[in-house]
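Good morning. Please have the sequence and the 3D view open before I start.

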Amino acid sequence: MPSLGISCVRYLVFFFNFLFAITGGIVVITGTLIQSYYYHYSNFVGESFWTAPIVLIVIGSIIFVVACFGCCGAAKESPCMIITFSIFLGVVFLVEIGIGVAGYYKHEQLSGILEKGFNKTLESYPNDKGAQEAWNLVQSEMQCCGINGPEDWEPIYKNDTVPRACCHRMPVGVNKCTREYASTEGCFSKLSNFLGSKSLILAGIGIGLAIVQLIAVLLACCLYGSFRRQYETV
């Protein structure tokens, strides 16, 4: 008969693996949503900004496999499976710490990256279809105009005309979008605040999961030691 202490640790391992199954799904969903719904802003921030969501999707999938090792190891009282579970979980722990650090680092760099991306795409706007589509998307979805305001379009249009995406509430009978009817708020501040919150979410998820999994690694090591002592006394 296993001791009461071993039983308690085993149930704790099962409990934490149940949490892993849930958090794994949350991680996959979070990474997928950020990647699919907001990837079109990569024209302004570059491809590297979206590495973390892809890693989250991969990590979320791995968590399910790791949870299976933990459950099977606890149920079969297998020291080998428990130590394999601990190693896998330790690797995931380090990766998630990396995601948290990367999310914070990207958040600190975001303003400079956005400023460079906005200026580059604005200059290439007249001849670059990709830049035009990116600006139409950000101005429509964020309800903004230009980098800091509608005046930023004057060097492009040479008059008070702005892209149609800048005008979200035009009077009846008015077909030309001008600064008079355009949104007064620039896209730089809106997109910076929006993406900044997303990078902090990535950092929070990575660090939060890492803390939970560190506790699970310690519990798994305790369970591994208990199983080894039990077999040595048999």
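First, the ground rules. This is a predicted model, where local features need pLDDT of at least 70 and side-chain atom pairs count only at pLDDT 80 or more, while totals for chains, interfaces and linings use all residues. Residues are numbered from 1 along each chain as its sequence is written, and side-chain values use heavy atoms, with hydrogens and water left out.

Let us take the disulfides. A disulfide here is a pair of cysteine sulfur atoms within 2.5 Å. The structure holds three of them.

One joins Cys144 and Cys187, with the sulfur atoms 2.0 Å apart. This pair links distant parts of the chain, 43 residues apart: Cys144 is in the loop between α5 (129–142) and α6 (154–157), and Cys187 is in helix α7 (residues 187–233). On the helix names: helices are DSSP runs of H or I with at least four residues, strands are runs of E with at least two, and both are numbered from the N terminus. The link of Cys144 and Cys187 is right-handed, with 95 degrees about the S-S bond.

Are Cys144 and Cys187 buried or exposed? Both Cys144 and Cys187 are buried. Buried means under 20% relative accessible area, exposed means over 50%, and partly exposed is in between, with a 1.4 Å probe and protein chains only.

Next come Cys145 and Cys166, whose sulfur atoms are 2.2 Å apart in their disulfide. Cys145 lies in the loop between α5 and α6 and Cys166 in the loop between α6 and α7, so this pair ties together parts that are 21 residues apart in sequence. The torsion about the S-S bond is about 85 degrees, so the disulfide of Cys145 and Cys166 is right-handed. Cys145 and Cys166 are both buried.

The remaining pair is Cys167 and Cys177, with an S to S distance of 1.8 Å. Cys167 and Cys177 are in the loop between α6 and α7, ten residues apart. With a torsion of about 90 degrees about the S-S bond, the disulfide of Cys167 and Cys177 is right-handed. Both of these cysteines are buried.

What pattern do the disulfides follow, with bonded cysteines counted along the chain? The pattern is 1-6, 2-3, 4-5.

Now the aromatic rings. A pair of aromatic rings is described by the distance of the centres and the angle of the planes. Rings of Phe, Tyr and Trp (its six-membered ring) pair if their centres lie within 6.5 Å; planes under 30 degrees apart count as stacked, over 60 as edge-to-face, and the rest as tilted. The structure holds five aromatic pairs. Among them is Trp135 with Trp153: the ring centres are 5.2 Å apart and the planes are at 75 degrees, so the pair is edge-to-face. Trp135 lies in helix α5 and Trp153 in the loop between α5 and α6, so the pair ties together parts that are 18 residues apart in sequence. Trp135 and Trp153 are both buried. Ring pairs also link Trp135 and Trp153 with Phe118, Tyr125, Tyr157 and Phe188 into a cluster.

Pro163 has contacts with some of these residues. Pro163 sits in the loop between α6 and α7, and it counts as buried at 3% relative accessibility. Not counting residues up to four places away in sequence, Pro163 touches Tyr125, Asn136, Gln139, Trp153, Tyr157 and Cys177. Contact means heavy atoms within 4.5 Å.

Thr178 is also in the loop between α6 and α7. Thr178 is buried, with a relative accessible area of 8%. Leaving aside neighbours within four places in sequence, Thr178 is in contact with Asp160, Thr161, Val162 and Cys167.

Last, the surface. Ile87, Phe88, Val91 and Val95 make a nonpolar surface patch of about 330 Å². Patches are made of residues with over 30% relative accessible area and no salt bridge, where like charges are joined within 9 Å and nonpolar side chains (Val, Leu, Ile, Met, Phe, Trp, Tyr) within 5 Å. A salt bridge is a side-chain nitrogen of Lys or Arg within 4 Å of a carboxyl oxygen of Asp or Glu. Accessible areas come from the Shrake-Rupley method with a 1.4 Å probe, and for residues only the protein chains shown count as cover. Ile87 is in helix α4 (residues 79–123) and counts as exposed at 54% relative accessibility.
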